[in-house]
Amino acid sequence: MYTQAMDTMAREAKGQVQAVKSAEEQAREAAFEARIDAGEFIEAKDWMPEHYRKTLVRQISQHAHSEIVGMLPEGNWVTRAPTLKRKAILLAKVQDEGGHGLYLYAAAETLGVSRDELLDALHSGRAKYSSIFNYPTLTWADIGVIGWLVDGAAIMNQVPLCRCSFGPYARAIVRVCKEESFHQRQGFDALNVMMTQGTPEQRAMVQDAVDRWWWPSLMMFGPPDGESVHGAQSARWGIKRISNDELRQKFVDATAEQAKVLGVTLPDPLLKWNAGRGHHDFGPIDWDEFWRVVGGHGPCNTERLAARVKAWDDGAWVRDAALAYAARQATREQAA
Amino acid sequence: MTAGNISVSETPLVLYTLRRADDALILGHRLSEWCGHAPMLEEDMALANMGLDLLGQARELYSYAAKVEGRDNDEDKFAYLRDVRQYRNLLLLEQPNGDFARTMVRQFFYAAFADLYWRVMMRSTDATLAAIAAKSEKESAYHLRHSSEWIVRLGDGTEESHRRAQEAIDLLWAFTGEMFEVDDSERGLIDAGIAVDPAPLRAQWMKRITGVVAEATLTLPNNGWMQQGGRSGRHSEHLGHLLSELQSMPRTFPGATW
Ligand SMILES: [Fe+2]
Ligand SMILES: [Fe+2]
């Protein structure tokens, strides 16, 4: 999900010419590949091929951007949560997402790129974030469904990355995943209360939210494997260990069962258990919608980016003040 | 079930507790409005953190008020089913966030007071209030440190940040007097050692904020006129808008369980 860069960059990479490598370069690369094959972690100070560095910066920063843009749809309900307990849970959750953004920007910075540069790429539209956050949160049930499905899909996607070859990213992911599973349980719990103790109106609200978020959640795993050209090399580097379709299948299998427990219907008439495969079959995903939203034409793309840019621009004088003060302090200390 | 207002038996102890609970909820809510829109990610985290502290204080105080009142009210009914005229928070805390300077000055004025106040309240003869005070004091100390640092950075930062911080001080100053007021309802609790008299804390509060404001190269207004009314439900126009957002769900779905 948060790793969608890996999928969309494949389209952009087509047609790029591979430069000829020197013998020395080839040897270094072979040694690097051998370390990866041996399951060693690559650390920031280690030599790495430029393409590896670039791919990681792109993936980690997209992940970080997704965390902070993801604060917006949920932040939309912080001031309207229906009980004080839910308000506290939601505010803490959104705060966690900010924390994920911080660890991930820090991991990307170890690769020699600053947070400001990465944010500039986000604000100028050059960098992407997960397209799931371009959908609106219309009712309170959306908050529960995001926890259940979106955090759920994020975990499914990210757990394999705990073994990613780049140490700082792998370690950040371990922390992130722990909190994401907490978020998923809280989301499920919020929905469960509405379904089991709620009014018919509340149950309808949950069903409506599930109807709207189900397909976008499946899209979070990225395009089908056939269209995902980058797969092989990223898999070797452990940046992406399990294919999009495999992860999506795992997610469908897990959530189909959870939907039964909740008593909601997943909006797919073709969804059914296939004993022969040992998996659930499910209907076709509207990939045109996916590419449309990735390409900027989702319901909230403009608003989400504008909200981030506004927060950044409105905060410029605050950051300038902090820098000016720090510089003045440094001068004073030198003088003293 | 109705989404209309609850009625509250405002005995002195219930009223006292609701006033502090409302302070914490309203300021916590204001801080939560920043969520995702702060000048930097670290401040998104810090503002949410302080908001969560205050929300936690509010929940404990509301629960205690419900227990003391002994009717079927609870934390959510107090928060979601009282209207503007039933809210008892300080006017300072309902003032809109404005820019970051205004949010920080509001936080600074209040935390400098709350930190002193809760510290003395730790000696309350009411064990529950003393326990809440102990927790709140720790949290306020952090809020004070955080906001003081920002007052200094903003005041002694750039020309623009200095101007904005000074404007925030000038605007919010008139709301600070209310923190030190006592009415008859509270006087009895003070005499019984349950509550503390905030009036004698004013000198210490002044000393604290004067130090920070001076370091920030800012100034405090000479203007002695002070706004009041929050403690008896005479609020600014801002509170109604805050409540209409805060309360929209329980008002729309009466009797629902979330
Ligand atoms: Fe996250
Ligand atoms: Fe999460």
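Okay, let's start at the metal: the iron ion (ligand 1) is held by Glu67(A) through OE, Glu97(A) through OE, His100(A) through ND1 and Glu180(A) through OE, at 1.9 to 2.2 Å. A donor here is an N, O or S atom within 2.8 Å of the metal (3.2 Å for Na, K and Ca), and water is not among the atoms, so sites may look incomplete.

Quick housekeeping. This is a predicted model, where local features need pLDDT of at least 70 and side-chain atom pairs count only at pLDDT 80 or more, while totals for chains, interfaces and linings use all residues. Residues are numbered from 1 along each chain as its sequence is written, chains are lettered from A and ligands numbered from 1 in the order in which they are written, and side-chain values use heavy atoms, with hydrogens and water left out.

What is the geometry of the site of the iron ion (ligand 1)? Irregular, with angles of 89 to 137 degrees among the four donor atoms. The rule: four donors are tetrahedral if all angles lie between 85 and 135 degrees; four are square planar, and six octahedral, if opposite donors are over 155 degrees apart and all others between 65 and 115; anything else is irregular. For reference, ideal angles at a metal are 109.5 degrees for four tetrahedral donors.

Along the sequence, the donors to the iron ion (ligand 1) follow the spacing E-x29-E-x2-H-x79-E. Two of them link distant parts of the chain: His100(A) sits in helix α5 (residues 84-109) and Glu180(A) in helix α8 (residues 167-197), 80 residues apart. Helices, by the way, are DSSP runs of H or I with at least four residues, strands are E runs of at least two, and both are numbered from the N terminus. His100(A) is buried at 0% relative accessible area, and Glu180(A) is buried at 0%. Buried means under 20%, exposed over 50%, and partly exposed in between, with a 1.4 Å probe and protein chains only.

The iron ion (ligand 2) has Glu97(A) (OE), Asp151(A) (OD), Glu180(A) (OE) and His183(A) (ND1) as donors, at 1.9 to 2.2 Å. Its four donor atoms make angles of 89 to 145 degrees, and the site is irregular. The spacing reads E-x53-D-x28-E-x2-H. Here Asp151(A) in helix α7 and Glu180(A) in helix α8 are the distant pair, 29 residues apart. Asp151(A) is buried, at 2%.

And how far apart are the two irons? They are 3.5 Å apart, and Glu97(A) coordinates both.

On to charges. Side chains of opposite charge can pair when their charged atoms come close. We call it a salt bridge when a side-chain nitrogen of Lys or Arg is within 4 Å of a carboxyl oxygen of Asp or Glu.

Take Asp142(A) and Arg212(A), bridged at 2.7 Å, N to O. This one joins helix α7 (residues 140-158) to helix α9 (residues 200-219), with the partners 70 residues apart. Asp142(A) is buried at 0%, whereas Arg212(A) is partly exposed at 24%.

Helix α11 (residues 244-262) holds Arg248(A) and Asp245(A), whose closest N and O atoms are 2.8 Å apart. Arg248(A) is buried at 2%, and Asp245(A) is partly exposed at 30%.

Also in α11, Lys260(A) and Glu257(A) lie three residues apart, about one turn, and bridge at 3.4 Å. Lys260(A) is exposed at 59%; Glu257(A) is partly exposed at 39%.

Last one: Arg35(A), Glu40(A), Lys45(A) and Asp46(A) form a salt-bridge network.
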